Amino acid sequence: MAGKQRPLRSWIYGDYLQALGIRLLSGRLLDDRDRTGSVAVLINHAMAEKFWPGKDPLGKRFGQGSDTSKWYEVVGVLSDVRSISLARTAPFEFYRTLDESAFNGMTVVVRTVNEDPTTIVPTARQIVASLDPLLPLNNVQTMEHVVGESVGQPRLMSALTTLFGALAGALAIVGVYGVMAYNVRRQRREFGIRLALGADSSRVRNLVVARGLTLASIGVAIGFAASWALTGVLKSMLNDVKPTDPVVFLATAVGVVTVAALASWLPARAAGRVDPMVVLRDV
């Protein structure tokens, strides 16, 4: 098999696949025919698409070295599983029967219909003790706990990002409002002259909002360029979302422009209510 990226090899036995709900997409599962000396393996869909795109992988062989008699033969294709981490895409993975090798330790999966899966732990310990009293059974965890640990850090990063995003949005609203309110006070004479020359209040309001949107558009353009430059850093923080996803960029831009429009509206209303007589009297 060519390429630097090697598939992940996993050893399974019994009803492991059924217990975890890993579906058989094509071919067959490993059974009594695949004992010691068998070259039969199962591969996941990601591996099938990587090395045999658009082809039927059943019956295909792969391995290393010139002795093709020791190469593995694909007998089934399974659905993808994020066996390394939920925050990472499914690796290229193939499965062999545990009869082919012995290990000092292994992971046993038990599926139960009880609402509290921990209630089965004492029974599981009794079964293991009946097989071998010296065989330890440790690190017992529920699948909910395993999933929680896997996504704990991404969830924390997501929560912090959401919090900082909300704070940034609030600061943007306050900042845009402060700038626009300050500019309206500075340009009271200009607005008063416009109103005295016949401009209506709605036109003055639209002028102020347009200036706010212009500033927001410049900020969006700068932010777009900076975000695009930081896509490499964002890859490690995102799951199933491309850093350059156009939908995310578009939604963010629309949100910033909307915030800017809302923050400009109150100063715009104040500009439209300027009394021309008072302003001209102060000239």
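Which residue just after α5 takes a positive phi?

Modeller: The model is predicted. Gly 198 is the residue in question: just after α5, Gly 198 has a positive phi of about 115 degrees. An α-helix has 3.6 residues a turn, so residues three or four places apart point the same way.

Another helix, α8, covers residues 246–272 and holds Ala 260. Ala 260 has a relative accessible area of 2%, and because the limit for buried is under 20%, Ala 260 counts as buried. Leaving aside residues up to four places away in sequence, Ala 260 touches Val 176, Gly 212, Leu 213 and Ala 216. One of these, Gly 212, lies 48 residues from Ala 260 along the chain, yet their C-alpha atoms are separated by 6.4 Å.

As for the nonpolar cores, the largest has 13 residues, and Ile 43, Met 47, Trp 52, Phe 62 and Phe 94 have the most contacts inside it. Two or more residues of this core come from each of β3 (40–44), α2 (45–51) and β5 (72–78). Helix α2 gives the largest share, four residues. Apart from this core lies another, of nine residues, including Met 180, Val 204, Val 209 and Ala 268.

Key. Residues are numbered from 1 along each chain as its sequence is written. This is a predicted model: local features need pLDDT of at least 70, side-chain atom pairs count only at pLDDT 80 or more; totals for chains, interfaces and linings use all residues. Side-chain values use heavy atoms; hydrogens and water are left out. A nonpolar core is a set of buried Ala, Val, Leu, Ile, Met, Phe, Trp, Tyr and Cys residues joined through side-chain atoms within 4.5 Å. Buried means under 20% relative accessible area, exposed over 50%, partly exposed in between (1.4 Å probe, protein chains only). Contact means heavy atoms within 4.5 Å.
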